Amino acid sequence: MAWQFLKRLPQSDSILQSLRPLAYISLIGLAPFRLSVSKEVRTSAFSLAAGILHFFFYVLCFFLSLREGDSIISYFFQTSVTRLGDATLSLSGIIAMVMIFSSIFFKRNLLLTIIQNCLVVDGIFLRLGLKLDYRKILMYSFVTSLGLLLFNFVYLLVSYMLLRSAEIWPSFVVFTTFALPHLNISIMVFKFLCTTHLTRTRFRMMNEVLQDILDSCVEERDAVVLSPMHSVIHLHSTNNMASRHAPSVVQPTATPRTRYSVTSLVRRNPEGALKQVSNVHNLLCDICCTIEDYFNYPMLAIIAISFLFILFDDFYILEAVITPSRVDKFEADEFFAFFITQMLWYVVIILLIVEGSSKTIKESNKTAAIVHKILNISEESAVHDRLLRLSLQLSHRRVVFTAAGLFNLDRTLIFTICGAATCYLIILIQFRYNPTHWDRLNTSSGTVLASG
């Protein structure tokens with residue numbers, strides 16, 4: 001029985017089967033849909049109930065940890081800045097969880113719309129004689145999910161062992177409040193990577209269809225150019241057959257080209273294929289807009305909390321380096337290792353989000369280059385008209401992912417975060433180095449008010 005299950009596990013012949021790892025996390029309520037026996041995507045009542053229990057369990061642990069007055073940073077040292085940072089991180093953590101579960105509960109139909117539109121796109125590809133490799137999509141989902149699961153397991157285990165090594169014994173509710181946001185953020189990022197990968201593979205398939213049309217146009221042009229050349233070469237060789245020392249003529253040969261998924265249907269009717277490509281591109285842009293609508297506020301919350309953790313972790317490390325007395329000597333190594341590990345975890349999360357969106361945008365931008373190459377070669381008026389329409393559509397429907405419209409989720413975000421973190425880190429260091437100035441200013445202000 002187990003062997004049969006393992007044997008069927010890597011097999012996939014539809015998009016619904018390729019999303020099995022995404023359906024598995026519905027057991028904890030973070031993907032409230034199920035794949036029915038009739039191969040349809042439906043909302044799961046069990047997953048909704050599990051999600052509600054999951055959220056209230058986190059809220060309960062959060063308020064119990066507040067009542068105990070404990071947190072991870074308070075185990076190491078406490079200053080005015082660290083108390084401010086601890087309160088800010090706790091508030092941002094609960095806001096991030098509210099954003100994540102709100103999108104799961106109230107925008108669950110958008111996730112179903114993404115899958116259903118992908119089914120429509122796959123049907124169009126089948127009419128063109130093409131079929132996606134669902135097994136690769138399934139393997140990507142499995143590898144990504146297992147990688148994130150292993151990454152979080154190692155991170156939480158290392159964090160707990162570092163606390164134990166520093167003779168710190170966090171309570172169950174404190175460590176649960178610390179661990180649950182990491183797991184939920186990772187699952188949300190996994191969903192984002194899966195959905196962007198679905199669109200990226202379909203953009204790649206659409207570009208292969210256009211590349212096939214381009215190759216056929218190039219072959220027709222080369223055939224037209226080579227036919228008069230062969231006639232000239234044949235006439236020249238006939239007139240100079242008596243001359244043994246006549247210069248030889250090298251016949252031009254077509255350069256070999258990379259072959260794609262060539263289908264006779266696309267080559268027989270390029271106008272019809274371009275019409276279907278326009279429909280596919282329009283649907284894929286709709287899918288990307290739906291992905292942005294589904295993930296906009298969760299991504300905003302995840303980027304914000306990641307930025308805050310990176311900023312305050314940097315400050316805690318600098319605080320311990322500048323003032324070693326803040327941390328006991330026997331806890332210093334564990335302190336640095338703990339906060340460096342936590343900072344790297346959030347750096348990896350940001351890189352995953354940025355790379356998932358950037359690769360999809362890059363794949364979608366390849367379409368315009370191929371379309372205009374065909375425009376420069378094609379001589380058929382009907383094909384030329386379709387290409388002009390598609391070019392106009394490409395200029396008006398560009399793929400972009402944003403966090404609630406505030407900033408783009410691309411590689412420019414890394415530079416923005418580095419610059420902002422550096423700026424705020426300098427401000428925090430200035431506050432640390434001038435406590436007497438602020439105390440003197442507050443004292444003088446109080447004296448003036450009292451004398452007045």
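Analyst: A word on classes first: Ala, Val, Leu, Ile, Met, Phe, Trp, Tyr, Cys and Pro count as nonpolar, Asp, Glu, Lys and Arg as charged, and the others, Gly among them, as polar. This is a predicted model, where local features need pLDDT of at least 70, side-chain atom pairs count only at pLDDT 80 or more, and totals for chains, interfaces and linings use all residues. Residues are numbered from 1 along each chain as its sequence is written, and side-chain values use heavy atoms, leaving out hydrogens and water.

User: How many charged residues are in the lining of the second largest pocket?

Analyst: A pocket is an open set of points on a 1 Å grid over the protein atoms alone where a 1.4 Å probe fits, with protein on both sides within 12 Å along at least five of seven lines; lining residues have an atom within 4 Å of a point. Here 18 residues form the lining, and Ile-25, Ile-28, Ser-145, Leu-149 and Ile-187 lie nearest the centre. By class, 13 are nonpolar and 5 polar, with no charged residues.

User: Which element gives the largest share of that lining?

Analyst: Helices are DSSP runs of H or I, at least four residues, numbered from the N terminus. Helix 7 (134-165) is among the elements giving two or more residues to the lining of the second largest pocket. With 7 residues, the largest share comes from helix 7.

User: Is Thr-195 buried or exposed?

Analyst: Thr-195 lies in helix 8 (residues 172-239). Buried means under 20% relative accessible area and exposed over 50%, with partly exposed in between (1.4 Å probe, protein chains only). At a relative accessible area of 2%, Thr-195 is therefore buried.
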